[in-house]
Amino acid sequence: ISIAGVLFKIQYKSINDFGLCDIDKKTITIRESLSNQETLETILHESLHACLAVSGLSYLLNNEEIEEALIRCIDSLYIPIVKSQLARYKSKKNIK
């Protein structure tokens, strides 16, 4: 996945968390046992962490708990808007 021109490798492993983003290694690790829906949501979530890091905003936050709260806010409020608009667009344009 490319985030602002920075390539991140997505890998699937047996981990306790749903996902992890390693900025230094440019990897996003996803728990391999997740459903397709959980996998998508976790990739989006971890990609948001990568966006903050690549943009430099994570250094301003400088607090993992604040960053996680911000990401969860976006997960809960913004991602559903994107999904619903994508579904509406697909149905209007008959895109599969």
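Q: Is Cys73 buried, exposed or partly exposed?
A: Cys73 is partly exposed, at a relative accessible area of 36%. Keep in mind that this is a predicted model.

Q: OK, and how many disulfides does the structure hold?
A: The count is 0. Cys73 is in no disulfide, and the nearest cysteine sulfur, in Cys51, is 15 Å away.

Q: What's the relative accessible area of Cys21?
A: It's 22%, so Cys21 is partly exposed.

Q: Switching topic: which residues make up the largest nonpolar core?
A: There are 7 of them: Ile3, Phe8, Ile28, Ile30, Leu34, Ile43 and Ala50. Strand β5 (27-31) and helix α1 (36-55) each supply at least two residues of this core.

Q: What does Ile28 touch, leaving out residues up to four places away in sequence?
A: Ile28 touches Ile1, Phe8, Lys9, Ile10, Gln11, Leu20, Cys21, Glu46 and Ser47.

Q: And Thr27, where does that lie?
A: Thr27 lies in β5. With 12% relative accessibility, Thr27 counts as buried, because the cut-off is under 20%. Leaving out residues up to four places away in sequence, Thr27 touches Phe8, Lys9, Gln11, Leu20, Cys21 and Asp22.

Q: Last one: what separates the C-alpha atoms of Thr27 and Val82?
A: 24 Å, with the two residues 55 apart along the chain.

Technical notes
Residues are numbered from 1 along each chain as its sequence is written. This is a predicted model: local features need pLDDT of at least 70, side-chain atom pairs count only at pLDDT 80 or more; totals for chains, interfaces and linings use all residues. Side-chain values use heavy atoms; hydrogens and water are left out. A nonpolar core is a set of buried Ala, Val, Leu, Ile, Met, Phe, Trp, Tyr and Cys residues joined through side-chain atoms within 4.5 Å. Buried means under 20% relative accessible area, exposed over 50%, partly exposed in between (1.4 Å probe, protein chains only). Helices (H or I, at least four residues) and strands (E, at least two) are DSSP runs, numbered from the N terminus. Contact means heavy atoms within 4.5 Å. A disulfide is a pair of cysteine sulfur atoms within 2.5 Å.
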